[in-house]
Every structure is written in structure tokens, then in C-alpha cells.
Amino acid sequence: MSRSLRRGAAAALVLAAIVPLSACAAGNDADTLQIKPDNAATSIGNEVKLNNIVVVAPAGSAGEYSGPVAVTANIANTAPKDDLVLTSVKVGGTAATLTDEHGAQVSQITIKAGQSVLLGGKDGAAGAQVSGAKLSVGGYADTTFTFKTAGEVSAPANVQPASGLYQGFGPQGKSTSSPSAGATSSPSPGATASGSPSAPATGSPSASAH
């Protein structure tokens with residue numbers, strides 16, 4: 001074999017080794033973060049980032065569905081100093097009930113400057129649940145997020161059943177508690193922080209932001 005052919009064969013072997021490693025790395029990242037890279041993402045300017053927006057129906061749901069759904073999203077406040085206040089989440093034209101990390105109903109959720117918060121799920125996450133939605137599982141549903149001063153932004157979100165990666169992210173049992181007077185005007189400290197914030201939002205808050 002000539003020297004040039006040997007060099008070409010060696011380069012091909014290196015490339016063949018790199019490609020599987022790259023694919024494996026992407027797969028591991030997606031699995032570790034429990035996200036799908038094609039989930040909806042949107043933003044308001046450079047200071048509000050929403051990633052991995054998914055509407056989650058109960059486990060076992062398929063096809064045309066009517067009933068409660070939950071919204072999950074990673075909301076990042078990349079502003080240098082101002083808090084971000086989420087006042088409304090809608091699926092289609094139906095408003096969701098917002099809850100704090102204890103499951104108590106609140107009127108708003110505050111994300112501190114430079115932080116991001118997971119909306120939806122369990123283990124101390126804030127929640128946004130619509131009691132009655134009509135949509136197609138496996139299809140898309142319009143979601144709208146409204147913030148106190150930042151404004152409103154919408155994105156078509158994939159609709160998935162609460163299984164696999166989305167197990168535990170589906171609609172929870174209806175809360176029997178009403179918002180306290182403090183929560184109506186100013187949520188409790190826990191609700192304002194909406195649980196434990198994730199790492200400071202420097203740059204893209206999740207792997208799906210493109």
C-alpha cells in the first residue's frame with residue numbers, strides 16, 4: 001500500500017471512531033437531562049429563555065384526548081438584576097392553574113435574576129396544570145406564557161403521555177386548597193422562588209436551546 005493510501009486509511013479510521021463517540025455523547029446528554037432535543041423553545045429578547053416546552057397528558061393517553069394536562073418547561077431569567085414574574089400559562093386558550101413546590105395554588109411564580117426554574121414534574125417543582133384541554137397526543141398544542149413586565153410569548157409544544165422521559169410530569173391530583181391571601185397578592189417565598197432554582201442561567205439554560 002502506498003504512503004498516501006495509508007494516510008487516507010488512517011484518516012478514515014479516525015473519522016469512523018469520532019462519529020460514534022459524538023453520537024453517544026449526544027445521546028447521553030439527552031438521557032441525562034431527560035429531554036428531547038426537538039422540544040419547543042422560545043425567548044423574549046435576550047433576557048427570557050424557555051426551553052423543553054412539552055404538554056403532558058396522563059400516562060396511557062393516545063390519539064384525541066380531552067381532560068387535564070400539565071405543562072413542563074425550563075424558564076430562565078438571564079437578566080442581570082431584575083426578577084422575572086410568570087403570571088399565566090395557557091394551553092390553547094385555556095389558562096392553567098399555577099402551583100408552588102408544595103402544590104398550593106398561587107397567582108404568580110417569580111424567577112430570580114440569573115436563575116432558571118423547572119416548571120412541571122415532582123420533587124419540589126412548581127406546576128402549571130390545565131383542568132380540561134382538547135388536543136391530540138403525539139401532536140402539538142399552542143402554549144402561551146405571560147410575564148408581568150416582559151410580556152407574552154407563544155410556542156407550539158409537543159403533546160406527550162406521562163411515561164418514559166415524561167413519567168411524573170403529567171397532571172397531578174386536583175388540589176383542594178385555595179390560594180391564601182398572601183399568595184393571591186404576593187406568593188409565599190417558596191412559591192416566588194418556585195422551589196430550588198437550577199444553576200445560574202449563563203448562556204443557554206438547556207441542551208435543547210438552539
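This is a working chat about the predicted model shown above.

Biologist: Before we start, what kind of model is this?

Modeller: This is a predicted model, in which local features need pLDDT of at least 70, side-chain atom pairs count only at pLDDT 80 or more, and totals for chains, interfaces and linings use all residues. Residues are numbered from 1 along each chain as its sequence is written, and side-chain values use heavy atoms, with hydrogens and water left out.

Biologist: What is the mean pLDDT of the protein?

Modeller: The mean pLDDT is 73, and 64% of the residues reach 70 or more, where pLDDT is the predictor's confidence in each residue, from 0 to 100. Over residues 2-37 the pLDDT is below 50, and this stretch has 16 contacts in the model beyond near neighbours in sequence, a contact being heavy atoms within 4.5 Å. Residues 174-200 also have pLDDT below 50, with 46 contacts beyond near neighbours in sequence. Where pLDDT is low, the predicted coordinates should not be read in detail.

Biologist: OK, how many helices and strands are there?

Modeller: The protein has 3 helices and 12 strands; helices (H or I, at least four residues) and strands (E, at least two) are DSSP runs, numbered from the N terminus. Among contacts between residues at least 6 apart in sequence, 71% join residues at least 24 apart.

Biologist: And how much of the protein is buried?

Modeller: Of its 210 residues, 41% count as buried, where buried means under 20% relative accessible area, exposed means over 50%, and partly exposed is in between, using a 1.4 Å probe and protein chains only. The accessible surface comes to about 10900 Å², and 55% of that belongs to carbon and sulfur atoms; the areas come from the Shrake-Rupley method with a 1.4 Å probe, and for residues only the protein chains shown count as cover.

Biologist: Let's take strand E11, is that one covered or open?

Modeller: Strand E11, residues 140-147, is mostly covered, with 6 of its 8 residues buried.

Biologist: Which strands does E11 run antiparallel to?

Modeller: E11 runs antiparallel to strand E4 (residues 84-91), joined by 5 bridges, and antiparallel to strand E12 (residues 151-161), joined by 8 bridges; two strands pair if DSSP finds at least two bridges between them. E11 and E12 form a hairpin, with 3 residues between them.

Biologist: What does Ser88 touch?

Modeller: Ser88 lies in strand E4 and touches Leu98, Thr144, Phe145 and Thr146, not counting residues up to four places away in sequence. Ser88 counts as buried because its relative accessibility is 17%.

Biologist: Which residues touch the most other members in the largest nonpolar core?

Modeller: Of the 36 residues in that core, Val69, Ile75, Val89, Leu119, Leu135, Phe145 and Phe147 touch the most other members. A nonpolar core here is a set of buried Ala, Val, Leu, Ile, Met, Phe, Trp, Tyr and Cys residues joined through side-chain atoms within 4.5 Å. A second, separate core of 5 residues includes Val56, Ala162, Tyr166 and Phe169.

Biologist: Going back to Phe147, what does that residue touch?

Modeller: Leaving out residues up to four places away in sequence, Phe147 touches Ile44, Val48, Leu50, Ile75, Leu84, Val85, Leu86, Thr87 and Val153.

Biologist: And where does Ala73 lie?

Modeller: Ala73 lies in strand E3 and is buried, with a relative accessible area of 0%. Its contacts, not counting residues up to four places away in sequence, are Asn51, Asn52, Ile53, Val117, Leu118, Leu119 and Phe145. E3 also pairs with strand E10 (residues 127-137) in the antiparallel sense over 7 bridges, and Ser66 has Lys134 in E10 as its bridge partner.

Biologist: Changing topic, how many salt bridges are there?

Modeller: The count comes to 1 salt bridge, defined as a side-chain nitrogen of Lys or Arg within 4 Å of a carboxyl oxygen of Asp or Glu. The side chains of Lys112 and Asp83 meet in it at 3.5 Å, N to O. The pair links distant parts of the chain, 29 residues apart, with Lys112 in the loop between strands E8 (109-111) and E9 (116-119) and Asp83 in the loop between E3 (63-77) and E4.

Biologist: Why does each of those two count as partly exposed?

Modeller: Lys112 counts as partly exposed because its relative accessibility is 41%, and Asp83 counts as partly exposed because its value is 38%.
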